[in-house]
Amino acid sequence: MENMKSARNNNSEEVGSDLSEQIKAATKDNHVRAENTELMLSYQKGQINLQQYKVLLCSLYEIYSALEEEMDRNCSHPAVAPIYFPQELARLESLEQDLEHFFGFDWRKKVIVPAATFKYQQRLRQIGRENPELLVAHAYTRYLGDLSGGQVLGKITQKSLGLSGKEGLSFFSFPGVTSPNRFKQLYRSRMNAIELTERQRAAVLEEAVSAFELNIQVFDDLQKMLSVTTETAGQSNGSPAAVLPSSPIMQLTVGVCVALATIGVGIYAM
């Protein structure tokens, strides 16, 4: 609740400023919190394995399925149309390519994600039905974050997993964007030109904060699960607590934590 009030205060203090700048101001504290998480720092150090990455792709696939279906369905909405760039930004097809590369042609039968991912999915579908203008907050947070961090994260992942080529790394590639910096300028200008009432603008800022909070809450819950499961495994087989067990629940936990780290890494360059 305090974060929501902060978003409103930032909005009122910056009347007349661009929406993109207002979102950055409203979510500033969330950025700092995400930036200082242990797993995000670990990801930047290249501490990720293939199983973690595969589960990361599953989570991202479910999130982008909801986001892009709602963006497509509302592409003519006055608030969505200006920032609707399916040719340049859509991630679903690239995620499908990566999932097929790692899981095989029947990858759809193997996708598994935690309840927290579905909670985020449900929120996207809810606002798509009831308040499409709020999709602006999620699209900006996800797409520009991934576009900003894509090249760096792609190289880190490629090196960490020992991949010789680009197969399995399609998610990080934006072939439809020749200049990320110029495209981000265009995106922001389109976004800033969206006509919103004062109430709608405040709601978009609150939604941006909510998007971060949903991810941080999931991250915190999974981090607790990670600590408990790792400690239990260490006690049961006499291995150090730092060694991750290979059970499905452990793989799932780590994978989604890495997914949240990915969100954090990319978004700071927006």
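Mentor: The cut-off for buried is under 20%. Keep in mind throughout that this is a predicted model. C75 is partly exposed, with a relative accessible area of 27%. Now the disulfide question. Searching the whole structure turns up 0 disulfides.

Next, take helix α5, which runs over residues 50-73. Of its 24 residues, 19 are buried, so the helix is mostly covered. Its length also checks out.

Step back to the whole chain. The chain has 12 helices and 0 strands. Read along the sequence, one α follows another: α-α-α-α-α-α-α-α-α-α-α-α. The chain has 270 residues, and 52% of them count as buried. The accessible surface comes to about 13,000 Å². Carbon and sulfur atoms own 50% of that surface. Now consider contacts between residues with a separation of 6 or more. Residues 24 or more positions apart account for 82% of these contacts.

One such link is aromatic. The chain holds 9 aromatic pairs. F85 and Y187 form one of them. The pair is tilted, with 5.9 Å centre to centre and 40° between the planes. F85 lies in the loop between α5 and α6 (86-89), while Y187 lies in helix α10 (residues 180-192). The pair therefore ties together parts that are 102 residues apart in sequence. Both F85 and Y187 are buried. For Y187 the relative accessible area is 0%.

Y187 also pairs with F183. That pair is tilted too, at 6.3 Å centre to centre and 45° between the planes. F183 and Y187 are 4 residues apart in helix α10, which means about one helical turn separates them. An α-helix has 3.6 residues a turn, so residues three or four places apart point the same way. F183 counts as buried because its relative accessibility is 8%.

Y53, Y64, F102, Y143, F171 and F172 make up one cluster. Two of these names come back when you look at D146. D146 sits in helix α9. At 4% relative accessibility, D146 is buried. Set aside its neighbours within four places in sequence, and D146 is in contact with Y64, F171 and F174. F172 is 26 residues from D146 in sequence, yet their C-alpha atoms are 7.3 Å apart.

R91 lies over the face of F174, at 3.7 Å from the ring centre. K54 does likewise with F103, at 4.9 Å from the ring centre.

Stay with helix α9, which covers residues 135-161. S148 has its place there. Its relative accessibility is 17%, so S148 counts as buried. S148 and K184 are 36 residues apart along the chain, and 8.6 Å separates their C-alpha atoms.

S173 is another serine to check. S173 is found in the loop between α9 and α10. S173 is partly exposed, with a relative accessible area of 37%. S173 and L89 are 84 residues apart in sequence, but 9.7 Å apart in space, C-alpha to C-alpha.

Finish with helix α2, residues 19-26. Of its 8 residues, 6 are buried, so α2 is mostly covered. The buried ones are L19, S20, Q22, I23, A25 and A26.

Back to your starting point.

How values were computed. Residues are numbered from 1 along each chain as its sequence is written. This is a predicted model: local features need pLDDT of at least 70, side-chain atom pairs count only at pLDDT 80 or more; totals for chains, interfaces and linings use all residues. Side-chain values use heavy atoms; hydrogens and water are left out. Rings of Phe, Tyr and Trp (its six-membered ring) pair if their centres lie within 6.5 Å; planes under 30 degrees apart count as stacked, over 60 as edge-to-face and the rest as tilted. Helices (H or I, at least four residues) and strands (E, at least two) are DSSP runs, numbered from the N terminus. Buried means under 20% relative accessible area, exposed over 50%, partly exposed in between (1.4 Å probe, protein chains only). A charge sits over a ring if NZ of Lys or CZ of Arg is within 6 Å of the ring centre and within 35 degrees of the ring normal. A disulfide is a pair of cysteine sulfur atoms within 2.5 Å. Contact means heavy atoms within 4.5 Å. Accessible areas come from the Shrake-Rupley method with a 1.4 Å probe; for residues, only the protein chains shown count as cover.
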